[in-house]
Amino acid sequence: MAISEISLQHLQVSFGEKRVLTGVDLDVVPGETMAVIGPSGTGKSTILKVLTGLLEPTGGRVFLAGRDVTHLPEEGWNEIRRHVGMVFQYSALFDFLDVGENVAFGLRQHFHLSEAEIRDRVDALLRDVGMLDAKSQFPAELSGGMKKRVSLARALAFRPRIVLYDEPTAGLDPLRTMSISKLIRETQHKYNVTSILVTHDMESVYVAADRVALLDEGKVAAVGTPEEFRNSSNPLIRGFITGEEPEGAFVR
């Protein structure tokens, strides 16, 4: 059995008296896209912050590619982050740089590449996400969906092993949501990346994910394939999918 690319073992995160994650157990195998769903405030984005070293757990253990990163010092995280791409909810592009320079920014900062090598990699990435023709445009000239595509190209520039998505379809209309969801799936296959997709959008889950984890009260309440979730009679799952809160579920 392959070592999990991402392994959370009884992960706990608290902010003072507030306990956000109370014991998350989750394994993501190499090459898999795991969607993490659940109501607002259940700790989905907190997991992403732990996986990028922005938050240190208050309990449990975290492994990336078999390495224990639970209490890794900042200099250790600087190396790890070169293998972890992040696609932010609001794209987080630099307004003062054009599309091509946004994608090239990290390459210039962290890699010793020639200008020709940077140009070739940027062009290939923008071609893969359907944005090569927009290379000279600035973020203000792009639609929300176009910004997401550029953000993904930038995340892939380091050739990461892991890509983390924080609500990548938030604010998009259904057509653009489907387009980004398909792009996430295509990225998984072409680049053989392991991903966690944090989302509220079940249509995106059905297209992009191999498995789904439902968070409730700071723990993983259920894990299964998208089809298993679609057909589940579990009241927590049904409540999240339909938007009808079952009695006793998701109470805060």
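Setting aside neighbours within four places in sequence, valine 198 is in contact with Val36, Lys44, Ser45, Leu48, Tyr165, Asp166, Glu167 and Pro168. Before I go on, please note that this is a predicted model.

Valine 198 sits in strand β8, residues 194-198. Is it buried or exposed? Its relative accessible area is 1%, and buried means under 20%, so valine 198 is buried. Take proline 168 from that contact list. It is 30 residues from valine 198 in sequence, yet the two C-alpha atoms are 8.0 Å apart in space.

Next, helix α5, residues 144-156. Its 13 residues should span 18 Å at 1.5 Å a residue, and the end C-alpha atoms are 19 Å apart, which agrees. Of those 13 residues, 10 are buried, so α5 is largely enclosed by the rest of the structure. The buried set includes Val150, Leu152 and Leu156, and also Lys148, Arg149 and Arg154. What do the buried residues pack against? The partners are strands β6 (84-87) and β7 (162-166), together with helices α3, α4 and α6 (174-191).

Two of those partners, α3 and α4, also pack on each other. Helix α3 covers residues 99-110 and α4 covers 115-128; the angle is about 125°, with the axes 10 Å apart. The two helices are therefore oblique to each other, and their crossing is right-handed. On the α3 side the contact uses Val99, Gly100, Val103, Ala104, Leu107 and Arg108, and on the α4 side Glu115, Ile118, Arg121, Val122, Leu125 and Leu126. By type, the residues of this contact are 8 nonpolar, 1 polar and 3 charged.

Terms used:
Residues are numbered from 1 along each chain as its sequence is written. This is a predicted model: local features need pLDDT of at least 70, side-chain atom pairs count only at pLDDT 80 or more; totals for chains, interfaces and linings use all residues. Side-chain values use heavy atoms; hydrogens and water are left out. Axes are lines fitted to C-alpha atoms, for helices over the stretch in contact, and angles run from 0 to 180 degrees between N-to-C directions. Helices (H or I, at least four residues) and strands (E, at least two) are DSSP runs, numbered from the N terminus. Angles under 35 degrees count as roughly parallel, over 145 as roughly antiparallel, 65 to 115 as roughly perpendicular and the rest as oblique. A crossing is left-handed if the near helix is turned anticlockwise from the far one by less than a right angle, and right-handed if clockwise. Contact means heavy atoms within 4.5 Å. Ala, Val, Leu, Ile, Met, Phe, Trp, Tyr, Cys and Pro count as nonpolar, Asp, Glu, Lys and Arg as charged, and the others, Gly among them, as polar. The expected span of a helix is 1.5 Å times one less than its number of residues. Buried means under 20% relative accessible area, exposed over 50%, partly exposed in between (1.4 Å probe, protein chains only).
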